[in-house]
Amino acid sequence: MAGRMDIGLRPRGVARRRFLAAIPAAVAGSLAVPAIARQQAQQPRIEPATLDCAEKIFGVDFTDAEEQAAAAGVGRNLTSFEQLRELNIPLDTEPAVTFHPYLPGKRPKGPATPGAKMKVTLTPPAARSSSIEDLAFLPITSLAPLLQRRDISATDLTKMYLARLKKYGPKLNCVVTLTEDLALEQAAQADRDIRAGKYKGPLHGIPWGAKDLFATKGIPATWGAAPFQKQVFDYDATIVERLSAAGAVLVAKLSMGALAQGDQWFRGRTNNPWNLERGSSGSSAGPGSATAGGLVVFGIGTETRGSIISPSAVNGVTGLRPTYGRVSRYGAMALSWTMDKIGPMCRSVEDCAIVFNAIYGPDGRDETTADAPFVWNPDIPLSKLRIAYLKNEFDPPPPGTGRGGRGDAGAGTGAAAGAGAGAPPGAPGGGAAAGAPGAGRGGRGALTPEEQQRQREARLKIFNDVLDVYRKAGAQLEPVEIPANITSIGNTIGFVLTTEGAAAFDDLIRSKDANDPSLNTWPNQFRTHRFVPAVEYIRAQRARTLLIREMEKFMSQYDVFLSPTGSASLGVTNLTGHPAIALKAGFLDKLPVELMVTGRLYDEATVLRVALAYERGTDWHNQNPKME
């Protein structure tokens, strides 16, 4: 009992002394709590050591004192970032900065007159067809007179293309949504108008397909990605409005690489009508494949860094990439606000001119759209134009280099469009190679050295034949090379595209859908480009101004220059905003090989005129794949 007392109950004297001794510590502790809280509140959210790690990513090196001084401000910025992410910013919201490809004092003079009458050669087929399906591969210039004269009806023509979309669409995997009800309604209205003598022009009653990144009222716009499969807008994009006003008939929303990358989308790969074992490149995969396969008369695609030129080249269609700011982007998915462009993918050069004439010009919604005229003159003599060709891309490579007449940007003959601008193969718009050795070969693997050499020689012959065609047409051709400083800057600032894309899709990448397999390589690329500092992005845009100045000097000497579609110039001219067109120049291993004509800002008319001269001197544009 006494023992318990010794353990459990202290003698009163000892307990009192200990209690009194504990009072100062307890009081001090109670007084210290607010001080610790204040100290914790003042402690920066970002430690200087964290900044030191970040500096290694950015390639700078601040002193310890500089890091200590900056840490508090960086922490405050982080708080602002978190608050900013709570703000709902719709995907179609433009940054409060507008890019124009022209230099100060070089703003084009208007007016733009979209839809104005233009000189085109409308030639109906020489022989009357026994089946309307025999018309499937005809260009607008041949179908328009048949519709105008009521030899065929828009409804019958539309039904034929709808049937082909249903029959061949699954093989090509190029159709996202068949817009059958709308198409039949528009076709019936076209027939009524034409019967009443209200013919609107060569697009009246012509069936077409839209890349599935354009808003179409009440019809899904999936952007090729599973997270957006059910996305529906309550308005039409400007290009949809303008083509509807011209009387064109929308028959389908066509596939695109997920969020405008390559030819892979949430239902698989879009296939090439010349060889179903190959992809169609991208990201305007569906418009390229469907137009080449005779499923639509023409398609509308977009390009950020190769997405019209590359699938046009691979599928063998004529694709026009207009000057940046020529066609309103209103209602189109944004990948890169300062690089996205919209253009037609058709069967012929004059078809491109017809469609471009309908869709270009300001709309009061997209502030980047220039008020610049389009004056089409298909009869300007080539002798009056200054036409250059990129010598190093037409000449045989020096011994031992293994270079094959340069195909697509940065690779042998057609790597991903954009590799020449700092992007890896398969980067935005590139998709598979436009004829690169060993690329997209349906699982066969890389070419042997002997096969590569044979392809190089065959490709060089094709492009030297191109020069002969132009010389026979009266052109005086000048061999040139793009100055090294131009390609150097272009290669250095290629990260602008994906940095803007990372900003555009930041909410998606931070969501539960970020790792959806349909997004291809985008999640990693967007995460990677979150580590691009705003300072470096803005510096890149300043360097872009220098690039535009250098291109202005270069292009002041020439009206256009010729190159393969995979030219190293492709990435550069997408950054500077220059127009280009791709068209068939021959075949290699039963697959199309295409020529590219690049011109001055806002001078699509000359680009088209020079391309038309080649088309008139050859018959490649009349060759189509055997869909059966």
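How much of the contact count, at a separation of 6 or more, comes from residues 24 or more positions apart? In this predicted model, the answer is 76%.

**Figure 1. The whole protein, helices and strands together.** Start with the overview: there are 19 helices and 15 strands here. Of the 628 residues, 55% are buried. The protein still exposes about 27,400 Å², and carbon and sulfur atoms supply 54% of that area.

Figure 2. Zoom in on helix α12, which runs over residues 449-472.

Figure 3. Setting aside neighbours within four places in sequence, Tyr470 is in contact with residues including Leu382, Leu477, Leu562, Val597 and Tyr614.

**Figure 4. Pro273 in its loop.** Pro273 is found in the loop between β6 (271-272) and β7 (275-279). Is Pro273 buried or exposed? It counts as buried, because its relative accessible area is 7%, under the 20% cut-off. Lys171 is 102 residues away along the chain, yet its C-alpha atom is separated from that of Pro273 by 8.7 Å. Leaving out residues up to four places away in sequence, Pro273 touches Leu172, Ser289, Ala292, Gly293, Asn315, Pro625 and Met627.

Figure 5. Side chains of opposite charge can pair when their charged atoms come close. The count for this model is 23 salt bridges. In one of them, the side chains of Glu133 and Arg164 meet at 2.7 Å, N to O. Glu133 lies in the loop between α4 (64-85) and α5 (140-148) and Arg164 in helix α6 (residues 154-172), so this pair ties together parts 31 residues apart in sequence. Glu133 is partly exposed at 34%, whereas Arg164 is buried at 5%. Another salt bridge joins Glu180 and Lys166 at 3.2 Å, N to O. Glu180 lies in helix α7 (residues 180-195) and Lys166 in helix α6, so here the parts tied together are 14 residues apart. Glu180 is partly exposed at 27%, and Lys166 is partly exposed at 45%.

**Figure 6. A salt-bridge network around Asp506 and Arg510.** The side chains of Asp506 and Arg510 meet in a salt bridge of 3.0 Å, N to O. Shared partners join Asp506, Asp507, Arg510 and Arg530 into one network. Asp506 counts as buried at 13% relative accessibility, while Arg510 is partly exposed at 41%.

Figure 7. Phe58 is found in helix α3 (residues 48-58), and at 34% relative accessibility Phe58 counts as partly exposed.

Terms used
Residues are numbered from 1 along each chain as its sequence is written. This is a predicted model: local features need pLDDT of at least 70, side-chain atom pairs count only at pLDDT 80 or more; totals for chains, interfaces and linings use all residues. Side-chain values use heavy atoms; hydrogens and water are left out. Helices (H or I, at least four residues) and strands (E, at least two) are DSSP runs, numbered from the N terminus. Buried means under 20% relative accessible area, exposed over 50%, partly exposed in between (1.4 Å probe, protein chains only). The expected span of a helix is 1.5 Å times one less than its number of residues. Contact means heavy atoms within 4.5 Å. Accessible areas come from the Shrake-Rupley method with a 1.4 Å probe; for residues, only the protein chains shown count as cover. A salt bridge is a side-chain nitrogen of Lys or Arg within 4 Å of a carboxyl oxygen of Asp or Glu.
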